[in-house]
Amino acid sequence: MRFFEDIEIGQRRELGSFTFTAELIKRFAAQFDPQRFHLDEEEGRKSLFGGLAASGWHVGSVCMKLLVADGQRQAEEAAARGEKVAILGPSPGFRELRWIKPVLAGDTIHFASEIETKRSSETRPEWGIVQGRHTGINQRGELVYSLLATAFVPRRNGC
Amino acid sequence: MTLTFEDFPPGHFGTFGPHRVSREEILAFAAEFDPQPMHLDEEAASQSMLKGLSGSGWHLCSIMMRMMFDGFIGRTASLGSPGVNELRWLTPLRPGDDLMLDVEITEARVSRSRPSTGIVTFKCVIRNAAGQELCEMISPIIVERRPELALGQVG
């Protein structure tokens, strides 16, 4: 994770890829979203999705997983350089979440994040507020997922 | 009976729950999808902005989906959702919370591109037992129309 001062609009991070296997899709769906097209191949084929499709909340949760892993890599790199490590704050929410195309069993999604806005927090001077657009692209190069997320990011001199 | 587009007029739809969330569930979800210290480690969490162990916001979203499924989506002719217009995390999810889901329909219209379906926009609010709002979501869901009504309009 970087400090607020180090973040620039337009900065992009490649977060890595994740393969949604049928087993993972069904396991998440059984717990959180047991709609028939998330649980059964045949039901998926008959649905608008055209195949066994991951729950949209599974896709969003995997994007979060890769964001956290990317933040940890950056923290380790900063620590290795002997720099102070920034710890990401909580998020007040998101807008414009789009499940653009289905994520089907066997699809590999590449996630990335790009900074769109940054501003100071009026109520919490030790924090800044950053908006980032997270996107997911499948193995055919099609945009399948997009989200405009907001997060508190610590200021270098704040903590 | 399966619920169709016609069963979702604008207005208050229903309140569902309670749904209890355990510490073990919070830790398991965080370990798999959101391993930040504020969701995994009691000591680190107490020093975070959220002041104590809290569930991942994505866990809360996933629980909200499950509460919607148990409440009505499981018996609705739902075709899925194109996305979420806005989601706000307002109060942290805590171990042992008993969650209630309140559902309102803000808009219901027939799809122009697929007239056998309608688009129902839901406003969902999750509250804890103390009545504090944990999150608020505005999201459309595509729902099939009753076949005889949809055909009648096409004819």
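## Two chains, question by question

Student: Which residue stands opposite Arg95(A) in strand S3 of chain B?

Tutor: A word first: this is a predicted model, in which local features need pLDDT of at least 70, side-chain atom pairs count only at pLDDT 80 or more, and totals for chains, interfaces and linings use all residues. Residues are numbered from 1 along each chain as its sequence is written, while chains are lettered from A and ligands numbered from 1 in the order in which they are written. Helices (H or I, at least four residues) and strands (E, at least two) are DSSP runs, numbered from the N terminus. With those labels in hand, look across from Arg95(A) to S3(B), and you will find Glu86(B).

Student: How many bridges join S2(A) to S3(B)?

Tutor: Two strands pair if DSSP finds at least two bridges between them. S3(B) covers residues 83–89 and runs antiparallel to S2(A). One more facing pair here is Arg98(A) with Gly83(B). The number of bridges joining S2(A) to S3(B) is five.

Student: Which strand of chain A do five bridges join to S2(A)?

Tutor: Start from Gly93(A), which stands opposite Thr150(A). Thr150(A) belongs to a strand of residues 143–154 that runs antiparallel to S2(A). That strand is S5(A).

Student: Which element gives the largest share of the side of chain A that touches chain B?

Tutor: Residues are in contact if their C-beta atoms, placed from the backbone, lie within 7 Å, and here each chain brings 27 residues to the contact. Helix H4 (56–80) and strand S2 (93–99) of chain A each supply at least two residues of chain A's side. The largest share, eight residues, comes from H4(A).

Student: How many charged residues are on that side of chain A?

Tutor: Ala, Val, Leu, Ile, Met, Phe, Trp, Tyr, Cys and Pro count as nonpolar, Asp, Glu, Lys and Arg as charged, and the others, Gly among them, as polar. The side of chain A that touches chain B has 15 nonpolar and eight polar residues. Its charged residues number four.

Student: Why do the buried residues of H1(B) line one face of the helix?

Tutor: A residue is buried if 20 or more other C-beta atoms lie within 10 Å of its own, exposed if 12 or fewer, and partly exposed in between. In H1(B), residues 23–33, the buried ones are Ile26(B), Phe29(B), Ala30(B) and Phe33(B). Taking the directions from the helix axis to the C-beta atoms, these buried residues line one face because they fall within an arc of 100°.

Student: Which helix of chain A do the buried residues of H1(B) pack against?

Tutor: On the other side of H1(B), Glu24(B) and Ala31(B) are exposed. The buried residues pack against H2 (37–40) and H4 (57–71) of chain B, together with one helix of chain A, namely H4.

Student: How many residues are in the largest nonpolar core?

Tutor: A nonpolar core is a set of buried Ala, Val, Leu, Ile, Met, Phe, Trp, Tyr and Cys residues joined through C-beta atoms within 7 Å. Cys63(A), Val103(A), Leu60(B), Met64(B) and Cys135(B) touch the most other members of the largest one. A second, separate core of five residues includes Leu88(A) and Trp127(A). The count for the largest core is 61.

Student: What percentage of chain B is buried?

Tutor: Chain B has five helices and six strands, and its C-alpha atoms fill a box of roughly 65 × 25 × 25 Å along the principal axes. Among its 155 residues, the buried part is 34%.

Methods:
Contact = placed C-beta atoms within 7 Å.
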